[in-house]
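Q: Could you take me through this structure, starting with how helices are laid against each other?

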Amino acid sequence: MSSDLKLLNLIFPPKCVFCGGLLKIGDSDETCLSCRQSLPYCMKSGKGEIDGETSDFHFTRAVAAFVYKGYVTDSIYRFKTRGCRQYAKTYTKYLKHTIEHYYGDVEFDYIVSAPMTKKKLAARGYDQTRLISEHLSREVKIPYLSGAMIKVKETQKQQGLSQQERKYNLAGVFEVAKSQEIDGKTLLLIDDVFTTGATAEECSYALLAAGAEKVYVATVATTLLAKN
């Protein structure tokens, strides 16, 4: 560790991405030992995947690294609203293991990400899903197709809406900007949280309509197991 980094760590001690506690020597992936042992991993539940073909979705399958509850919920909130863009690198480490576990037999041509509007991007200052996708691309050696999709209009916040309201809210808001590149390709669609599946479904529908062969989904967290 360089002297500059040591000094920086003294002034701003590194904290766990999830619980916010101070990290100790030996803590890996910016996660404390307690969180590494107790985080709500989907793989532990044995229910970390959704078969799109039997659930009336257009995507083939969807998986997530964590259940969206507790410290995971708090962490993603900070990631999206408090400027903690560095969290993307840590999420990617866990997402990589999830993808290798569930999608080890799938050959992906590209990673694509659920887009946000220019207005939202300007307000937040960064696209959190793109950050995750870029880190993941380097980790799993699958090229990230930047700007594959665009969100053409602002929508009402999804939080608090029913499944049908979420679907209606997102209907027709995603367009494919690189149809030639995705034609006949197998894609890995990345988003931060899978709730009712409305975003993943609308993105997948647009990608398949533009010529993609198959769309698989991977998210940092899902709410579907939150009550388990």
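A: Angles under 35 degrees count as roughly parallel, over 145 as roughly antiparallel, 65 to 115 as roughly perpendicular and the rest as oblique. This is a predicted model, in which local features need pLDDT of at least 70, side-chain atom pairs count only at pLDDT 80 or more, and totals for chains, interfaces and linings use all residues. Residues are numbered from 1 along each chain as its sequence is written, and side-chain values use heavy atoms, without hydrogens and water.

Q: At what angle do H5 and H7 cross?

A: Their axes (lines fitted to C-alpha atoms over the stretch in contact, with angles from 0 to 180 degrees between N-to-C directions) cross at roughly 55° and come within 9 Å. H5 and H7 are therefore oblique to each other.

Q: Which residues of H5 meet H7?

A: Contact means heavy atoms within 4.5 Å. Among the H5 residues that meet H7 are Ala 88, Tyr 91, Leu 95 and Ile 99; the H7 side includes Leu 131, Ile 132 and His 135.

Q: What else is Tyr 91 in contact with?

A: Leaving aside neighbours within four places in sequence, the contacts of Tyr 91 include Val 17, Phe 18, Phe 79 and Val 220.

Q: New topic: which residues touch the most other members of the largest nonpolar core?

A: Phe 18, Phe 66, Tyr 91, Tyr 103 and Leu 188 do, in a core of 40 residues. Such a core is a set of buried (under 20% relative accessible area, 1.4 Å probe, protein chains only) Ala, Val, Leu, Ile, Met, Phe, Trp, Tyr and Cys residues joined through side-chain atoms within 4.5 Å.

Q: Which element gives the largest share of this core?

A: H5 does, with 7 residues.

Technical notes: Buried means under 20% relative accessible area, exposed over 50%, partly exposed in between (1.4 Å probe, protein chains only). Helices (H or I, at least four residues) and strands (E, at least two) are DSSP runs, numbered from the N terminus.
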